[in-house]
Amino acid sequence: MYSEKVMDHFQNPRNMGEIEDASGVGTVGNARCGDIMRMYLDIDDNGVIKEAKFKTFGCGAAVATSSMATELVKGRTVQEALEVTNKAVMDALDGLPPVKVHCSLLAEEAIHAALWDYAEKEGIVIEGLKKPKADIHEGEEEEQY
């Protein structure tokens with residue numbers, strides 16, 4: 001069901017924890033499944049992400065996508081990090097089951113939320129960055145049961 005990379009990042013997550021005085025912190029969730037992801041970024045004066053950490057409450061796929069997302073943004077510029085999509089996270093993990101794709105969306109939104117927080121703190125505009133949703137399903141119509 002899960003790739004070896006997903007299992008490795010779940011069982012041995014990279015960059016778990018917090019960054020004190022982080023340049024940007026973003027928290028996103030998925031009310032439907034209960035996953036919550038918080039991303040911390042330490043960005044230097046040149047706009048390069050020196051450190052990325054996460055804290056995630058959720059399933060194994062949520063932990064794995066958080067871990068991989070931090071690996072993908074470390075060492076990149078803010079603009080390059082903005083281009084890390086949920087597809088890039090899934091591809092780096094050799095895929096996710098269809099019912100777990102929302103976890104990769106959370107990872108992408110957590111990166112964007114942390115970048116948004118950084119931009120607000122610095123009083124800058126990051127071209128192409130839109131205000132993130134607190135819940136990845138925000139703005140969708142409620143499903144009828």
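This is a predicted model: local features need pLDDT of at least 70, side-chain atom pairs count only at pLDDT 80 or more; totals for chains, interfaces and linings use all residues.

Reader: Which residue does glutamate 71 meet in a salt bridge?

Author: Its partner is lysine 74, with N and O 3.9 Å apart. Lysine 74 is partly exposed, at 31% relative accessible area.

Reader: Nice. How many salt bridges are there?

Author: The count comes to seven. Among them is one between lysine 50 and aspartate 44, whose closest N and O atoms are 3.6 Å apart.

Reader: And what does lysine 5 pair with?

Author: Lysine 5 meets aspartate 94 in a salt bridge, 3.9 Å from N to O. That pair links distant parts of the chain, 89 residues apart: lysine 5 sits in helix H1, and aspartate 94 in the loop between helices H4 (86-92) and H5 (101-122). Lysine 5 is partly exposed, at 38% relative accessibility.

Reader: Switching to helices: at what angle do H1 and H2 pack?

Author: About 90 degrees, with the axes of H1 (residues 4-11) and H2 (residues 60-73) 8 Å apart. That angle makes H1 roughly perpendicular to H2.

Reader: Which residues make the contact?

Author: H1 brings Val6, His9 and Phe10, while H2 brings Gly60, Val63, Ala64, Ser67, Met68 and Glu71. By class, five residues are nonpolar, three polar and one charged.

Methods. Residues are numbered from 1 along each chain as its sequence is written. Side-chain values use heavy atoms; hydrogens and water are left out. Axes are lines fitted to C-alpha atoms, for helices over the stretch in contact, and angles run from 0 to 180 degrees between N-to-C directions. Helices (H or I, at least four residues) and strands (E, at least two) are DSSP runs, numbered from the N terminus. Angles under 35 degrees count as roughly parallel, over 145 as roughly antiparallel, 65 to 115 as roughly perpendicular and the rest as oblique. Contact means heavy atoms within 4.5 Å. Ala, Val, Leu, Ile, Met, Phe, Trp, Tyr, Cys and Pro count as nonpolar, Asp, Glu, Lys and Arg as charged, and the others, Gly among them, as polar. A salt bridge is a side-chain nitrogen of Lys or Arg within 4 Å of a carboxyl oxygen of Asp or Glu. Buried means under 20% relative accessible area, exposed over 50%, partly exposed in between (1.4 Å probe, protein chains only).
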